[in-house]
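I record each item in the order in which I looked it up.

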Amino acid sequence: MKCGTVTIIGRPNAGKSTLINSLLKSHALITSPKPQTTRNAVRCIYNDDDAQIIFTDTPGLYKPDSRDRLGIFLNDSILDALEDSDCIIWLTESFTRKLQPDDYEIARVLPKKIPVILTVNKSDKADPFAVFTLYDEIFQFSDKTAVSAKTKRGLDALISAVKTHIPEGEAVYDADILMDTTEKFMASEIIREKILLLLRDEVPHCVAVMIDE
């Protein structure tokens with residue numbers, strides 16, 4: 001059996017949380033059209049007959065300025081998750097035709113000794129091969145895959161690629177555990193998701209939720 005930790009990294013709104021939800025076949029992580037919906041590096045557990053894969057969802061990585069204390073905090077949490085990974089998935093979109101400053105920042109912070117899989121999301125909307133060529137200019141990848149997180153296209157191929165890069169080992173979590181977090185955290189995230197989906201200018205995007213009872 002294989003067991004390993006896989007961190008998913010990418011620009012804001014690349015579809016990281018949606019991808020994990022599709023892999024787990026459950027709405028485990030909140031999603032919204034707004035960038036930086038994900039605030040914490042959350043561990044979600046995928047199980048099949050021969051592997052347990054601990055996926056770590058991360059906030060979208062970008063280069064914040066010195067006044068953006070939230071952005072600096074989120075980036076620090078991403079770097080911590082990367083260092084603890086057996087494998088990394090760099091998620092981007094099939095519409096990408098030009099590298100952005102955030103892409104160069106991601107390439108800069110990726111650990112060089114950990115295998116990185118370039119995964120192009122939304123491959124049902126546009127041909128991913130041009131994106132493979134584009135990102136080859138800034139990083140040497142261990143594998144490349146194309147998926148559609150919403151239609152679940154290419155997910156089996158992605159899991160197969162991940163399995164080649166994680167170590168042999170016994171499962172860390174029981175098979176019925178979906179997330180390594182508390183009920184209070186899950187409740188607070190669901191409330192925050194609804195706030196982000198239903199409100200616009202009235203509420204700042206930095207809204208946080210705390211459960212008292």
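What percentage of the 213 residues of the protein chain count as buried? I worked from a predicted model, and I found that 50% of the residues in the chain count as buried.

**Overall layout.** I listed six helices and six strands in the protein chain. Read from the N terminus, I noted the order of elements as β-α-β-β-α-β-α-β-α-β-α-α. I then turned to contacts between residues at least 6 apart in sequence, and 72% of these join residues at least 24 apart. For the surface, I noted that the chain exposes about 11200 Å², of which carbon and sulfur atoms supply 52%.

**Nonpolar cores.** I next examined the largest nonpolar core, which has 27 residues. Within this core, Val 6, Leu 19, Ile 53, Phe 55 and Val 162 touch the most other members. I recorded that strands E1 (2-10), E2, E3 (51-57) and E4 (87-93), together with helices H1 (16-24) and H5 (155-163), each supply at least two residues of this core. The element that gives the most to this core is H5, with five residues. Apart from this core I found another, of 19 residues, which includes Leu 99, Ala 107, Ile 114 and Phe 139.

I also looked up the surroundings of Leu 19. Setting aside residues up to four places away in sequence, I found that Leu 19 touches Ile 8, Leu 91, Val 147, Ala 149, Leu 155 and Leu 158.

**Helix H6.** I took helix H6 (residues 183-198) separately. The helix has 16 residues and reaches 23 Å from its first C-alpha to its last, close to the 22 Å expected at 1.5 Å a residue. I listed its buried residues as Phe 185, Ser 188, Glu 189, Arg 192, Glu 193 and Leu 196. Seen down the axis of H6, these buried residues fall within an arc of 145°, and therefore they line one face of the helix. I found Glu 183 and Leu 198 exposed on the other side of H6. The buried residues of H6 pack against strand E2 (42-47).

**Pro 111.** Last, I located Pro 111 in the loop between helix H3 (101-109) and strand E5 (116-121). Is Pro 111 buried or exposed? I counted Pro 111 as buried because its relative accessibility is 12%, below the 20% cut-off. Beyond its neighbours within four places in sequence, I found Pro 111 in contact with Leu 82, Glu 83 and Ile 88. Pro 111 and Leu 82 are 29 residues apart along the chain, and I noted a separation of 7.2 Å between their C-alpha atoms.

Definitions and conventions. Residues numbered from 1 in each chain as written. Predicted model: local features only at pLDDT ≥ 70, side-chain atom pairs only at ≥ 80, totals over all residues. Heavy atoms only, no water. Helix = DSSP H or I, 4+ residues; strand = E, 2+ residues; numbered from the N terminus. Buried < 20%, exposed > 50% of the residue type's maximum accessible area, 1.4 Å probe, protein only. Contact = heavy atoms within 4.5 Å. Areas by Shrake-Rupley, 256 points an atom, 1.4 Å probe, with all protein chains shown as cover. Expected span 1.5 Å × (residues − 1). Arc of directions from axis to C-beta. Core = buried A, V, L, I, M, F, W, Y, C linked by side-chain atoms within 4.5 Å.
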